[in-house]
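Reader: I have a new model open on my screen. Can you walk me through it? Keep it quick.

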Amino acid sequence: MESILVVNLTRFGDIVQTTPMLQGLKSVYPESRVSLLVNNNCEQLCSLLPGIDEYYTLDFKQICTDLHNNPAGIEQTYSYLKEFFGKLRLRNFNKVINITPHHIGVISAFLAGQGNRLNENISAWTKFFISTTRNWKTLPMHVIDLYSKMAGLDQHLIVPKLNASQETYQFASNMLQHQGIDEGTLLLGLHTGGSTDEKRWPQEHFIELCERIIKNISCKMILYGVETENNVSTYLLKNYPGQVISMLGKTTPEELTAFMHYTDVLITNDSGPMHVATACGTKVLSLHTGKEKCISTGPYGEGNLAIEPDMACHPCEFPESCHSLECRNRITPDSVFAALEILLGAHSETHTEALCAQKGVQLFCSGFDANGFMDFYPLQKKDISFEKLSVYMQRVLWSRVLAETEAGYGVPRLGEKAVVNIYRYIQKHYHTHTVPDLLRQWNVLLPHFIQLKRTAGKGGVLADEVHSAGMNPVPNISRLQHLTQQLEALDNEVISAGEMIKPFKNLIHLFLYEKEIIEGGSITDMAVQTRTVYEVLVSRINELEAIGQQLFILMNR
């Protein structure tokens, strides 16, 4: 029997987004035992997750308290972690899947697994995940699809799911009925919070939106979130006491799941409750500002709507350095209200066209592309940008070059029809009369691809020289230092070239991460790994060039 551990030491919403992967593992390996390792502040959520047999929690809060306030904190923390991971190792997991995009996840996966080297059991998809999430703007797919790939699963088109008890569903139903909400009442949910400032749409905008909803749509509204998110609730409860219900700070994760089950539409920032809504089958109208973009973390599933600011700097690479946060104001209450009417089916085609043509915002609809990836396409056809075209190309690229078959956990390599599928999907959702300009932008990149391959080729030769020098019984240290300096100079050339191929910059991010995690017991071993990294970079560029050639032949017909 397979014994699988999934390491997800992230936040509430990230845990919810794990559920399609967990269900996929159980579907493909029904006899397996699937365990989950989480931060202990997500413990209440674990009982709602389908597809897991058991869960373990790390007490990070206690660790931080011990390290900061206790003179013996280091010794206590060491003892706690040694005992904790010692017990996990005794479970003899056949496979450990880390979907935590930072070093604590890598280390935890290593300590819980059976490997002897820190990075020896990291899959190619996990390397891609970690390297790309360091450069969040370059992620070309939804994290839920990426989680499935990291687990060795093909996309199963499984949406997130949470399971509350029948008693909790009944509790929520009774409470809503007590508030005058029956099956025929349109119930609109509102979540105004977010983990960081740049992700929070201004509260005055939420108030203006709610007033317009109350005056124009026959409905009840329910407010979700934590107790501190009370500016909107204070105003609405004072002015519209019969129309608005506040559940701020009043729900456990299970109760939130139950109430969300009865909510027709949730209007929300990119947040944990947004993912709970999709896991309950609730339609979502999501607002994505700051560094967030719907393509990577938007509401998963068919038929949701997402609004983003139409700004060159969005998604933001450095939100903590932005003082204006203008992206939050580009999305107006008028545009969100119009989008809500579209989602409710109460908007005419003329009004839809007007909203889609509105400057400052972009409106997207969620669905699956022709190769099974979650996608957010424009609600009405528009010219496809080169950036968006590169996203579709990368989904094929990475699904081909990162395909794995080790230990029976394999993601099928996308075949030749994948590019044809892209072409047909683009024709369906975008105008393509800008193909000459797209081709021009592609041709600008080709010389830089050639230069990158030449540089990587030199790197492979230098790695061979390091290998030869390391084979000597008495290695020439001066010679090895010189070769190492040359390799560092080549890597700087690769980094510079990456700035010239920005739409495909994650090629460079992954290359650098693969260089970073090279480890071995000898110079020769590390030299062999280094040569492989350079060779793989060349093969990935070759694959990308082939995809681009096939796609532009189709688009130029």
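Author: One term before we start. Buried means under 20% relative accessible area, exposed means over 50%, and partly exposed is in between. Bear in mind that this is a predicted model.

Reader: Fine. What share of the residues in the chain is buried?

Author: Buried residues make up 54% of the 557 residues.

Reader: And how many helices and strands?

Author: The chain has 23 helices and 14 strands.

Reader: What about overall dimensions? What does the C-alpha trace span?

Author: About 85 × 65 × 45 Å along the principal axes. The radius of gyration is 25 Å. A compact globule with 557 residues would have a value near 24 Å, so the chain agrees with that.

Reader: Contacts next. Take residues at least 6 apart in sequence. What share of their contacts joins residues at least 24 apart?

Author: That share is 69%.

Reader: Switching to charge. How many positive and negative side chains?

Author: There are 48 positive and 59 negative side chains. The centres of the two sets lie 4 Å apart.

Reader: Why would such side chains pair at all?

Author: Side chains of opposite charge can pair when their charged atoms come close.

Reader: How many salt bridges does a search of the whole structure find?

Author: It finds 22. One of the pairs is Arg-33 with Glu-54, where the closest N and O atoms are 3.4 Å apart. Arg-33 lies in strand S2 (residues 33-39) and Glu-54 in strand S3 (residues 54-58), so this pair ties together parts that are 21 residues apart in sequence.

Reader: Is Glu-54 buried or exposed?

Author: Glu-54 is buried, at 15% relative accessible area.

Reader: How accessible is Asp-464? And Arg-531?

Author: Asp-464 has 33% relative accessibility and counts as partly exposed. Arg-531 is partly exposed too, with 27%.

Reader: Another one. What does Arg-540 pair with?

Author: Arg-540 forms a salt bridge with Glu-514, and their closest N and O atoms are 2.9 Å apart. Glu-514 belongs to helix H22 (residues 506-516) and Arg-540 to helix H23, so to speak of sequence, they are 26 residues apart.

Reader: Where does that leave Arg-540, buried or exposed?

Author: Arg-540 is buried, with a relative accessible area of 4%. Glu-514 is buried as well, at 12%.

Reader: Which residues are linked in a network of salt bridges?

Author: Asp-369, Asp-375, Lys-388 and Arg-395.

Reader: Last topic, helix H16. How many of its residues are buried?

Author: Helix H16 (residues 333-343) is mostly covered, with 10 of its 11 residues buried. Among them are Val-336, Phe-337, Leu-340 and Ile-342. A charged residue, Glu-341, is also on the buried list.

Reader: And what comes just after H16?

Author: Gly-345, which takes a positive phi of about 75°.

Key:
Residues are numbered from 1 along each chain as its sequence is written. This is a predicted model: local features need pLDDT of at least 70, side-chain atom pairs count only at pLDDT 80 or more; totals for chains, interfaces and linings use all residues. Side-chain values use heavy atoms; hydrogens and water are left out. Helices (H or I, at least four residues) and strands (E, at least two) are DSSP runs, numbered from the N terminus. The radius of gyration is taken over C-alpha atoms; the globule rule is 2.2 Å times the number of residues to the power 0.38. Buried means under 20% relative accessible area, exposed over 50%, partly exposed in between (1.4 Å probe, protein chains only). Contact means heavy atoms within 4.5 Å. The place of a charge is taken as NZ of Lys, CZ of Arg, CG of Asp or CD of Glu. A salt bridge is a side-chain nitrogen of Lys or Arg within 4 Å of a carboxyl oxygen of Asp or Glu.
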